[in-house]
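Look at the structure below together with its sequence.

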Amino acid sequence: MSVGLWVMFGIVLVPLYVTLLGWFLGEPRDYRTAGIGVGVLAGLLLLMIVASFVPIAFQVVIPG
C-alpha cells in the first residue's frame, strides 16, 4: 500500500469517522438520517473510486 492511502484513510478522513460515530452513538439517535448519510457517503466513495480509473481508460483508448 502506498503512503498516500494511509494518509487519506488515516488522517484526512478522521472528521468523517467522527461524524459517522456521532450519528450512531450520539443522542438523540436518528437511524433514518444516519442511514441516508451513510448512503450518500458510500455513493461519493464509489464515485471517487470510479473516477480514479478514468485516466487509465483514456490512456488505453488514446495511446500517447
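Helices (H or I, at least four residues) and strands (E, at least two) are DSSP runs, numbered from the N terminus. The model is predicted, so local features need pLDDT of at least 70 and side-chain atom pairs count only at pLDDT 80 or more, while totals for chains, interfaces and linings use all residues. Residues are numbered from 1 along each chain as its sequence is written, and side-chain values use heavy atoms, with hydrogens and water left out.

The protein chain has 3 helices and 0 strands. Read from the N terminus, its elements run α-α-α.

How do α1 and α2 pack? Their axes are 5 Å apart and meet at an angle of about 40 degrees. Here axes are lines fitted to C-alpha atoms, for helices over the stretch in contact, and angles run from 0 to 180 degrees between N-to-C directions. Angles under 35 degrees count as roughly parallel, over 145 as roughly antiparallel, 65 to 115 as roughly perpendicular and the rest as oblique. α1 and α2 are therefore oblique to each other. On the α1 side the contact (heavy atoms within 4.5 Å) is made by F9, G10, I11 and V12; on the α2 side it is made by V14, P15 and Y17.

Helix α2 also holds L20. This residue touches V38 and L41, leaving aside residues up to four places away in sequence. L20 and L41 are 21 residues apart in sequence, and their C-alpha atoms are 9.8 Å apart in space.

Is L20 buried or partly exposed? Buried means under 20% relative accessible area, exposed over 50%, and partly exposed in between (1.4 Å probe, protein chains only). L20 counts as partly exposed because its relative accessibility is 24%. Of the 64 residues in the protein chain, 5% are buried.

Accessible areas come from the Shrake-Rupley method with a 1.4 Å probe, and for residues only the protein chains shown count as cover. The protein chain has about 5,400 Å² of accessible surface, and 80% of this belongs to carbon and sulfur atoms.

On the surface, L5, M8, F9, V14, Y17, V18, L45, M48, I49 and F53 form a nonpolar patch with about 870 Å² of accessible area together. Two or more residues of the nonpolar patch come from each of α1 (3–12), α2 (14–25) and α3 (31–61). The largest share, 4 residues, comes from α3. I49 is found in helix α3 and, at 41% relative accessibility, counts as partly exposed.

Notes: Patch = residues over 30% accessible without salt bridge, like charges linked within 9 Å, V, L, I, M, F, W, Y side chains within 5 Å. Salt bridge = Lys/Arg side-chain N within 4 Å of Asp/Glu carboxyl O.
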